[in-house]
Amino acid sequence: FGSAKKFTGVHLRNFEGSCQQFKAKSGDSLSPLCSTHPQNLMHSIEASRASNGHFFTPLFLASDGQLPERDHYLVNNGAIMYDYQVYSLGSPGALAVDMLVLAAADLFIANNASKLANVVDQVRAAIRLPRSTVNS
C-alpha cells in the first residue's frame, strides 16, 4: 500500500454458493456481501467506506476466489489483491496473508458468517481495532 496510512480490508466469502442461505439465517446484514453482481457489491463496499470516512483509502481484497469475475471486476476498479502465482487460493500462505493484512486494516468489511472474519475480528479486538462492519 505504499505510503498509505489508512486502508480498507474486505473479506469476501461465497460459501461454495450458499451465501444466500447464510443470509436467510442471519438476516439482511449479509445482503451486500452475498451479491454476485460485481457492480452492486462495489456500490455496497463504497457506501460502507464513505460512511466510515474511508472512501479514498486503498482497498485490499481478500477473497475465497469462488467468483473470479467478481474479483477481477473489483481489481479492475482499484482493489488490491496479492498475486495468486505466489500464494494459491486456500493455501496456508494465502490465509495467513489475508488474516495479517485484514487484521491491520483501519476499516474491515466482512461477511460475519465467515470463520476467517471471526478470527480476524478476535485479533483486531486484541490490538484494539474495531470489529468488522457490514453495510446493510
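**Helices α3 and α4 in a predicted model**

The angle is about 50°, and the axes lie 9 Å apart. Axes are lines fitted to C-alpha atoms, for helices over the stretch in contact; angles run from 0 to 180 degrees between N-to-C directions. Helix α3 spans residues 38–51 and α4 residues 68–76. Their crossing is right-handed (the near helix is turned clockwise from the far one by less than a right angle).

Contact means heavy atoms within 4.5 Å. On α3, Pro38, Gln39, Leu41 and Met42 take part; on α4, Glu69, Arg70, Tyr73 and Leu74. By class, that makes five nonpolar, one polar and two charged residues.

The model is predicted: local features need pLDDT of at least 70, side-chain atom pairs need 80 or more, and totals for chains, interfaces and linings use all residues. Numbering starts from 1 along each chain as its sequence is written, and side-chain values use heavy atoms, without hydrogens and water.

The whole chain has six helices and four strands (DSSP runs: H or I of at least four residues, E of at least two). Their order is β-α-α-α-β-α-β-α-β-α. Of 136 residues, 43% are buried (under 20% relative accessible area, 1.4 Å probe, protein chains only). Among contacts between residues at least 6 apart in sequence, 62% join residues at least 24 apart.

Mean pLDDT (the predictor's confidence in each residue, from 0 to 100) is 79 for the chain. Confidence is lowest in α1, at a mean of 59, and highest in β3, at 91.

Terms used. Nonpolar A, V, L, I, M, F, W, Y, C, P; charged D, E, K, R; others polar. Buried < 20%, exposed > 50% of the residue type's maximum accessible area, 1.4 Å probe, protein only.
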